[in-house]
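Here are some brief notes for a colleague opening this entry for the first time. Please keep the 3D view open while reading.

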Amino acid sequence: TCVIMPQELYFDISSEHSGGSLFRVTGANGEKSFLYNHSTYNDKTDEVKVFNTPYPSFEAFWKELVKNPEWFYLHPLYVHPEQRQFVQEQLKGVNWELHPNKKWQESHQRQWKKVLTDGPGYYRDKQ
């Protein structure tokens, strides 16, 4: 038999070519872990690949995410309230000048601000 473990959306981010949702999963023993359901899109071949990558902690997932030097230019859709302070701190250290286009910088900064201040019901209502 397949046991369905409770999942809670924890972090959601996307870009033109990839994106995914990180879920906090509660195991049968009550232990928490994370599962990143993500995909990549190749516009040359029109191919979508889907992956499920387990992480023992949010920190492990975050280390993987920030290996992309432009992670803050991805499009955040949701950040769990438990991690909003942490993500805000991380954003203070990024180099927005990486892209010289001021409008591009500002639109991404607005999107981060939005997901870091959204009310708790915003995403729950959409699932």
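**Notes on the fold**

1. Start with the contacts. Take those in the protein chain between residues at least 6 apart in sequence: 44% of them join residues at least 24 apart. Keep in mind that this is a predicted model.

2. Next, the order of elements. The protein chain has 4 helices and 5 strands. Read from the N terminus on, they run β-β-β-β-α-β-α-α-α.

3. Overall dimensions come next. Taken along the principal axes, the C-alpha atoms of the protein chain fill a box of roughly 55 × 40 × 30 Å. The chain has 127 residues, and buried residues make up 34% of them.

4. Now the surface. The accessible surface of the protein chain is about 8,300 Å². Carbon and sulfur atoms account for 53% of that area. As for charge, there are 15 positive and 16 negative side chains. The centres of these two sets lie 5 Å apart.

5. Look at helix 1, which spans residues 58-65. Which of its residues are buried? They are Phe58, Phe61, Trp62 and Leu65. Down the axis of helix 1, the buried residues fall within an arc of 100°, so they line one face of the helix. An α-helix has 3.6 residues a turn, so residues three or four places apart point the same way.

6. What covers the buried residues of helix 1? The cover includes four strands: strand 1 (7-14), strand 2 (18-26), strand 3 (32-42) and strand 4 (47-55). Helix 2 (84-92) is also part of the cover.

7. Strand 3 and strand 4 pair in the antiparallel sense, over 9 bridges. To trace the pairing in the view, take Phe34: its bridge partner in strand 4 is Tyr55.

8. Follow the chain into the turn of this hairpin. Between strand 3 and strand 4 there are 4 residues. Asp46 sits in this loop. Its phi is positive, about 60°, although Asp46 is not a glycine.

9. Is Asp46 buried or exposed? Asp46 is exposed, with a relative accessible area of 55%. The cut-off for exposed is over 50%, so Asp46 passes it. Contrast this with Phe58, Phe61, Trp62 and Leu65 of helix 1, which are buried.

10. End at Asp46, in the loop between strand 3 and strand 4.

Methods: Residues numbered from 1 in each chain as written. Predicted model: local features only at pLDDT ≥ 70, side-chain atom pairs only at ≥ 80, totals over all residues. Heavy atoms only, no water. Buried < 20%, exposed > 50% of the residue type's maximum accessible area, 1.4 Å probe, protein only. Helix = DSSP H or I, 4+ residues; strand = E, 2+ residues; numbered from the N terminus. Arc of directions from axis to C-beta. Contact = heavy atoms within 4.5 Å. Pairing = 2+ DSSP bridges. Areas by Shrake-Rupley, 256 points an atom, 1.4 Å probe, with all protein chains shown as cover. Lys, Arg positive; Asp, Glu negative; His and termini not counted. Charge placed at Lys NZ, Arg CZ, Asp CG, Glu CD.
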